[in-house]
Structures are given as structure tokens and as C-alpha cells.
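Keep the sequence and the model side by side. We go from one part of the fold to the next, then out to the whole chain and the ligand.

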Amino acid sequence: MKNFDVYPRYDIEPVKARGSWLWDENGEKYLDLYGGHAVISIGHSHPEYVRRIKEQVEQIGFYSNSVKMSIQDELATKLGEQSGYPDYQLFLCNSGAEANENAFKLASFHTGRKKIIVFERGFHGRTSLVVEATDNKKIQAPINDTGNILRLPWNDVKAFEEVIDESIAGVVLEGIQGISGIYLPDDHFISAISKGCKKHGALLILDEIQSGYGRSGKFFAHQYYDVRPDIISMAKGMGNGFPIGGILISPEIEPWAGMLGTTFGGNHLACAAGIAVLDVIKKEKLVDNAKTIGQYLMSELGKLNGVSEIRGRGLMVGIDLPVEAKSVRSKLLLDHHIFTGSSSNAHTLRLLPPLNITREELDIFLGSIKKVLSEELAISN
Ligand SMILES: Cc1ncc(COP(=O)(O)O)c(C=O)c1O
């Protein structure tokens with residue numbers, strides 16, 4: 001049998017990883033400024049993470065949500081404390097798309113309404129309703145066209161205020177738009193959304209799947225603003241590679257039995273991974289590191305020739321280039337052994353390194369991108 005061939009792949013096979021580094025089968029070493037799609041938060045194979053998962057699987061790896069699981073309570077307590085939402089409720093699932101599907105469903109259950117407002121360039125996943133919420137026609141099948149998603153321009157308060165009314169179940173936005181190339185919400189935009197939601201009884205849903213878990217230099221990127229969402233969706237950095245996602249749910253939303261459900265969500269192993277991530281983030285002060293080292297990275301990038309614009313917060317950084325990001329990315333990988341990310345904007349390079357990356361490691365990248373940019377600019381002139 002062959003795999004369903006949907007991804008363009010580099011001809012490199014990582015077989016070992018530690019911290020911000022990967023090794024291929026020939027022992028060649030690569031620096032990881034992409035974190036496998038913003039997933040690696042505490043660094044590859046962190047010893048505390050490995051220990052927790054090993055010990056857990058030796059005891060019990062899985063049982064269904066039909067039994068008592070104090071490990072879920074431990075995760076919820078720690079997450080509540082570290083995120084600043086101790087009074088919220090946690091529903092656990094397995095991926096970002098699933099977290100958003102549950103968020104949309106919950107907004108609809110809670111309000112009795114059907115419509116969800118989303119924004120241009122947004123990405124919310126590839127499953128049924130959330131793929132319709134994702135601004136990419138190519139990945140939407142005819143069955144995904146429910147007509148319940150209203151897409152509005154980003155950072156356009158007037159367009160939002162014209163549409164928000166009593167038919168809207170929820171409004172969803174990314175804490176920082178990721179895949180489209182790192183775009184921040186304006187202060188007045190996010191605050192108008194929050195006010196509009198309150199006024200018309202719609203739920204504010206913050207998709208923090210990419211921008212959450214410390215990446216922005218705060219636990220959640222929306223915490224740079226004075227807003228308190230009704231639902232926050234999370235995944236990626238939450239498990240440092242172990243598939244786990246979830247939503248934080250405001251105390252005003254009351255559950256009833258069977259309202260949301262899952263077989264695998266919140267299993268023992270996933271919780272062990274999630275707890276290890278939170279413990280390491282706390283012990284190693286990784287949210288602060290993301291902030292300070294991210295500032296360093298952005299200020300050093302600003303000194304480079306050939307960078308048109310830099311956007312981001314913490315370790316979620318978009319670099320606009322006058323040349324195609326694709327060739328810069330390939331040269332960084334093939335000539336300098338550095339993984340970086342693309343975005344749906346052909347000229348934007350995306351950086352999403354582990355939150356414990358060091359200044360020395362970033363300096364290696366800065367030296368390499370300087371060289372690659374001067375070569376690329378010489379070719380294009
Ligand atoms: C902001 C955002 N939301 C949702 C998703 C979907 O997450 P998953 O791929 O885990 O389903 C992603 C994935 O890249 C994302 O970046």
C-alpha cells in the first residue's frame with residue numbers, strides 16, 4: 001500500500017531530535033526554526049517530557065472517559081493557573097480542527113443560533129465546519145458549503161459592526177493570524193468584536209491553536225488586549241508533538257451530559273504529555289523567554305538588508321521579503337541546514353521555533369539568512 005500523496009516533501013528524514021535540533025539518517029544536523037508547524041513548544045524530546053510519558057505508559061496509557069481520571073484534573077488545574085483562566089472549564093480533544101469544531105458547536109448550542117463570523121486570511125482547520133471557516137477555497141469540498149459562515153475583512157471595525165446581530169452564534173479569530181503570514185489584530189478591532197459579541201449575545205471564540213501556549217510572549221496572544229473570550233481553542237504547543245487539543249470554556253456556559261464527547265480526548269498519555277509541557281514552561285520560564293528572545297530576534301532581523309517588513313510577537317514571526325520566500329527557505333534548509341516555515345503569502349517566511357531556543361541558536365540563523373538574502377538579492381538585481 002502507498003500513502004495518499006498530499007504533501008510536497010523535502011528529501012530529508014529526521015531520525016533524532018533534541019531541543020532545537022534535528023538529525024537525519026546520515027548524522028547531519030539541522031536547526032529547527034519551524035517547530036514542525038509551531039508544535040514544538042518545550043523543545044524536541046525534552047527529558048522531563050520523555051520521563052513523564054514513559055512513566056505514564058508503564059502505568060496506564062488509555063482508558064475511556066467513562067471513568068474517574070485525576071490526571072485530567074491535574075492538567076486542568078495547572079492550565080487554569082498558568083493561563084490566567086482558573087475559573088474556566090476544560091474540554092480535551094485531539095487536534096486543532098477538532099477543538100474549533102467543538103467551539104463552534106458549543107457556541108451554537110449555547111445561543112441556539114447557526115451563523116459564525118470569521119475573517120479573511122483566517123485558518124481554522126480542515127474538517128467539516130472549520131474548513132468552511134478557513135479562507136482557502138481550494139481545500140473546501142462541496143459538502144463543506146453550509147452557508148453558515150460569514151467572512152469579513154480583517155481589522156475592519158465598520159464591516160464587523162454592519163454584520164453582527166442576533167443571528168450570530170459566535171465570532172472566531174486567531175490571536176495572531178498564522179498561516180496567512182503573521183498578522184496581528186488591531187486593538188480597536190478586537191475590542192469592537194468583544195463589545196459587539198456582548199451586545200448581541202454572540203460568543204467570542206479565540207483560536208489560539210498556533211498563537212497560544214506562550215508562543216507570543218504571553219500565555220495566549222489575546223492577553224495583549226483587554227478582552228476575555230467565551231471560548232479559547234488550543235492544540236499544537238499543548239502536547240509538544242503528542243496529539244492533544246482542547247477548548248477553555250467560560251463559566252457562564254453550562255454543560256449537559258453528552259453535549260460534547262470524544263473517545264481519545266483527554267486520555268492518560270495525552271494528559272501526561274500536556275502536564276509535562278506546562279511544568280517545563282513554568283520551571284524554565286518559557287513564556288518570558290519567548291518574549292525577550294523574540295524581541296531580540298525581531299530587532300536583529302530589522303537590521304538586515306533585503307527585509308521589507310517584520311511582523312509578530314514573541315517567537316511567532318513573519319518576515320516579508322522582496323524575493324520569493326520559497327527559494328530563501330530552500331537555501332536555508334539545503335545549504336545551511338535550517339528549517340523555517342512558509343505561509344500562504346509567497347513573500348513571507350514564517351518562524352515558529354521552540355520556546356526555549358537560545359540567543360546563540362538564533363545567531364546561527366541570523367548569520368545564515370543574511371548570506372542567503374544577499375545571494376538572492378544579487379540574483380534578482
Ligand atoms: C490557527 C489554527 N487553527 C486551527 C488549526 C488546525 O489545527 P490541526 O491541524 O491540529 O487540526 C491550525 C493548524 O495549523 C491553525 O494554525
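**Strands, crossovers and a ligand shell**

Strands S5 and S7 run parallel and are joined by three bridges. Strands are DSSP runs of E with at least two residues, helices are runs of H or I with at least four, and both are numbered from the N terminus. Two strands count as paired if DSSP finds at least two bridges between them. In this pairing Ile-117 stands opposite Val-171 in S7.

Before going on, note what you are looking at. This is a predicted model, in which local features need pLDDT of at least 70, side-chain atom pairs count only at pLDDT 80 or more, and totals for chains, interfaces and linings use all residues. Residues are numbered from 1 along each chain as its sequence is written.

S5 (residues 115–119) also has a partner in strand S6 (residues 149–152). Four bridges join the two, and they run parallel. Ile-116 stands opposite Ile-149 in S6. From S5 the chain passes through helix H5 (residues 128–133) to S6, in a right-handed β-α-β crossover. Right-handed means that, with the strands pointing away from the viewer, the path from the first strand over the helix to the second runs clockwise. Four of the five residues of S5 are buried, so the strand is largely enclosed by the rest of the structure. Buried means 20 or more other C-beta atoms within 10 Å of the residue's own; exposed means 12 or fewer, partly exposed is in between, and C-beta atoms are placed from the backbone.

Asn-148 sits in the loop between H5 and S6. Leaving out residues up to four places away in sequence, Asn-148 touches Lys-114, Lys-115 and Ile-116. Such a contact needs C-beta atoms, placed from the backbone, within 7 Å. Pro-86 is another matter: Asn-148 and Pro-86 are 62 residues apart in sequence and 32 Å apart in space, C-alpha to C-alpha.

Now move to S8 (residues 203–207). Five of its five residues are buried, so S8 is largely enclosed by the rest of the structure. In a regular strand the side chains alternate between the two faces of the sheet. In S8, Leu-203, Ile-205 and Asp-207 point one way, while Leu-204 and Leu-206 point the other way.

S8 pairs with S7 (residues 168–174) in the parallel sense, over five bridges. Gly-170 stands opposite Leu-203 here. S7, helix H7 (residues 187–200) and S8 form a right-handed β-α-β unit. S8 is also joined to strand S9 (residues 231–234) by three bridges, again in parallel. Asp-207 stands opposite Ser-233 in S9.

Step back to the whole chain. The chain holds 11 helices and 14 strands. Buried residues make up 48% of its 381 residues. Among contacts with a separation of 6 or more, 73% join residues 24 or more positions apart. The C-alpha trace spans about 60 × 55 × 45 Å along its principal axes.

Last, the ligand. Of the 14 residues around it, Ser-95, Gly-96, Ala-97, Ile-209 and Gln-210 come nearest.

How values were computed:
Near = placed C-beta within 6 Å. Contact = placed C-beta atoms within 7 Å.
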